[in-house]
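Dear colleague,

Please find below the structure that I am handing over to you. My findings follow directly after it.

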Amino acid sequence: MKGPTSVLAASMNGGQTVRVAAAGDLHVDEAGREAVATAIAAMDRDADLILLAGDLTTHGQPEQAAVLADACRDIATPIVAVLGNHDLHCGTDRELTEILRDAGIVVLDRDGSTATVGDACRVGVVGVKGFVGGFRHHTIPDFGEASLRGLYAETGAEVEALAAGLREIAACPLRIALLHYAPISDTLVGEPTEIWAFLGSERLAAPLLEHRPDLVLHGHAHAGRLQGSLQGVPVYNVSIPVMGQDYWLFELTAARSLSSTLH
Ligand SMILES: [Fe+2]
Ligand SMILES: [Fe+2]
């Protein structure tokens with residue numbers, strides 16, 4: 001692991017520098033109790049803000065969420081998370097959210113998609129799970145069976161929540177979008193193209209392009225690629241299997257709205 005290299009320079013430029021530790025697809029269960037506690041403690045040590053990009057649990061069982069909650073309860077660094085599809089598997093997402101919030105984790109979803117961290121909204125985070133839909137002309141249409149159109153509509157609701165959240169944090173010096181599903185296909189490369197439609201939706205990119213946050217994070221695509229770009233907006237797939245390590249550390253500097261990756 002390399003240490004921060006531009007904190008002093010940013011400070012001399014009058015910029016606000018924030019270190020963000022990010023990870024997705026933790027898939028926590030009882031067997032991983034010690035490992036997740038170690039990883040969260042390391043993030044606490046290294047970062048000013050911890051972001052978790054969904055699939056926090058293996059199957060969405062409340063006792064699995066409790067393992068993550070135990071790891072986070074005494075952590076001083078703010079933790080913001082979204083749920084992933086694995087967290088919804090048992091239909092217990094409300095209970096999961098309660099368990100995580102009781103431990104101090106800010107869980108964002110469609111109904112409450114923004115969090116601000118630091119004085120004067122130093123960092124604004126908008127978080128939505130996102131959903132499926134596809135990319136590059138291979139997309140699920142708003143056509144035909146009600147079930148298929150329902151799926152299209154569900155992605156639409158995620159897109160609208162993302163857009164509304166980005167409008168809410170527009171005045172924050174640093175703005176981050178946190179998702180589980182991918183908004184671009186750059187970060188899916190490595191996954192079979194046949195399943196890209198289940199890994200994300202290009203419809204999620206529209207509000208990101210309009211508002212151009214400083215950093216976009218997602219997970220879900222375990223075999224995808226770490227780094228991508230949405231017409232200059234940095235997008236990272238911070239799925240743990242992709243990173244090959246417990247988290248990625250970003251340094252964001254508000255003065256120039258630049259994001260740089262440390263490791
Ligand atoms: Fe996952
Ligand atoms: Fe997932």
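I begin with one residue and its surroundings. Leaving aside residues up to four places away in sequence, Thr-77 touches Met-43, Asp-44, Ala-47, Asp-48, Leu-49 and Ile-50. Please bear in mind that this is a predicted model. Thr-77 sits in the loop that lies between helix 3 (62-72) and strand 3 (79-82). Is this residue buried, exposed or partly exposed? Thr-77 has 18 other C-beta atoms within 10 Å and is therefore partly exposed, since the buried class requires 20 or more and the exposed class 12 or fewer. Gly-104 is 27 residues away from Thr-77 along the chain, and their C-alpha atoms are separated by 10.0 Å.

One of the contacts of Thr-77, Met-43, also belongs to the buried residues of helix 2, which are Val-36, Ala-39, Ile-40 and Met-43. These residues lie on the same side of helix 2, because they cover an arc of only 95° around the axis. In general, an α-helix has 3.6 residues a turn, so residues three or four places apart point the same way. Strand 1 (17-23), strand 2 (49-53) and helix 3 are included in what covers the buried residues of helix 2. The face turned away from the buried side carries the exposed residues Glu-34 and Arg-45. As for its dimensions, helix 2 (residues 33-46) comprises 14 residues and reaches 20 Å from its first C-alpha to its last, close to the 20 Å expected at 1.5 Å a residue.

I turn next to the sheet. Six strands form an open sheet with mixed pairing, in the order 5-6-9-10-12-11. Its edge strands are strand 5 (114-117) and strand 11 (227-230), each of which pairs on one side only. From one strand to the next, the twist averages 25°. Strand 5 and strand 6 (residues 123-127) run antiparallel and are joined by four bridges; in strand 6, Val-123 is the bridge partner of Val-117. Helix 5 (residues 146-168) packs on the sheet, where it touches strand 5, strand 6 and strand 9 (174-178). The direction of helix 5 makes about 170° with that of strand 6.

Finally, some totals for the chain. The protein chain has seven helices and 14 strands. Of its 263 residues, 48% count as buried. Among contacts between residues at least 6 apart in sequence, 75% join residues at least 24 apart.

With kind regards

Methods
Residues are numbered from 1 along each chain as its sequence is written. Chains are lettered from A and ligands numbered from 1 in the order in which they are written. This is a predicted model: local features need pLDDT of at least 70, side-chain atom pairs count only at pLDDT 80 or more; totals for chains, interfaces and linings use all residues. Two strands pair if DSSP finds at least two bridges between them. Helices (H or I, at least four residues) and strands (E, at least two) are DSSP runs, numbered from the N terminus. Axes are lines fitted to C-alpha atoms, for helices over the stretch in contact, and angles run from 0 to 180 degrees between N-to-C directions. Two residues are in contact if their C-beta atoms, placed from the backbone, lie within 7 Å. The expected span of a helix is 1.5 Å times one less than its number of residues. The arc is that of the directions from the helix axis to the C-beta atoms.
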